[in-house]
Amino acid sequence: MPVYTYRCDSCGVQFERHQSFQDAPLKTCPECRKKSLKKVITPTGVIFKGSGFYATDHRSASGGASRENKPEKNEKKEEPKATETKSTDKGKE
């Protein structure tokens, strides 16, 4: 279950509550009993790992490495061409 942070606009008390996604948000402050509770929205850090994401794909520690230096997975590599060798039949005369 996620943890939600609430703050009362009238008395200023702030607290956290474990609630299900289906639970209605709290409206009454447990301290002053007024209906002035608001959910506090806090930013969270998100890290995307794996293929399919844009510029932040496993960046190097210095941040200077670019994708140009890395070979693409879909890029076809040229295979060395077979050279024809002509056999001479000197021993079969």
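**Entry 1: the cysteine.** I looked up the sulfur of Cys8 and found the closest cysteine sulfur in Cys11, 3.6 Å away, which is too far for a bond. A disulfide here is a pair of cysteine sulfur atoms within 2.5 Å. I then checked the partner: Cys11 is in no disulfide, and its nearest cysteine sulfur is that of Cys8. A search of the whole structure gave zero disulfides.

**Entry 2: ground rules.** I noted that this is a predicted model, where local features need pLDDT of at least 70, side-chain atom pairs count only at pLDDT 80 or more, and totals for chains, interfaces and linings use all residues. Residues are numbered from 1 along each chain as its sequence is written, and side-chain values use heavy atoms, with hydrogens and water left out.

**Entry 3: buried or exposed?** I looked up how covered each of the two cysteines is. Cys8 is buried, at 2% relative accessible area. Cys11 is partly exposed, at 39%. The cut-offs are under 20% for buried and over 50% for exposed, with partly exposed in between (1.4 Å probe, protein chains only). Across the protein, buried residues make up 11% of the 93 residues.

**Entry 4: around Cys8.** Which residues touch Cys8, leaving aside its neighbours within four places in sequence? I found Val13, Cys29, Cys32, Ser36 and Leu37. Contact means heavy atoms within 4.5 Å. Cys8 also belongs to the largest nonpolar core, together with Tyr6, Phe15, Cys29 and Leu37. Such a core is a set of buried Ala, Val, Leu, Ile, Met, Phe, Trp, Tyr and Cys residues joined through side-chain atoms within 4.5 Å. In soluble globular proteins, nonpolar side chains tend to be buried together.

**Entry 5: the strands.** I counted zero helices and three strands. Both are DSSP runs numbered from the N terminus: helices are H or I with at least four residues, strands are E with at least two. Along the sequence I read the pattern β-β-β.

S1 covers residues 3-8 and S2 residues 14-18; they run antiparallel and are joined by five bridges. Two strands pair if DSSP finds at least two bridges between them. In this pair, Tyr4 stands opposite Arg17 in S2. S1 and S2 form a hairpin with five residues between them, and Gly12 in the turn has a positive phi of about 85°.

S3 covers residues 37-40, and four bridges join S3 to S1, again antiparallel. The three strands form an open sheet in the order S2-S1-S3. The edge strands are S2 and S3, each pairing on one side only.

**Entry 6: Thr5.** Thr5 lies in strand S1. At 16% relative accessibility, Thr5 counts as buried. What stands opposite Thr5 in S3? I found Val40 there.

Entry 7: I stopped at Arg33, whose phi is near 60°, a positive value in a residue other than glycine. Most residues other than glycine have a negative phi. Arg33 sits in the loop between S2 and S3. Arg33 is exposed, at 62% relative accessible area.
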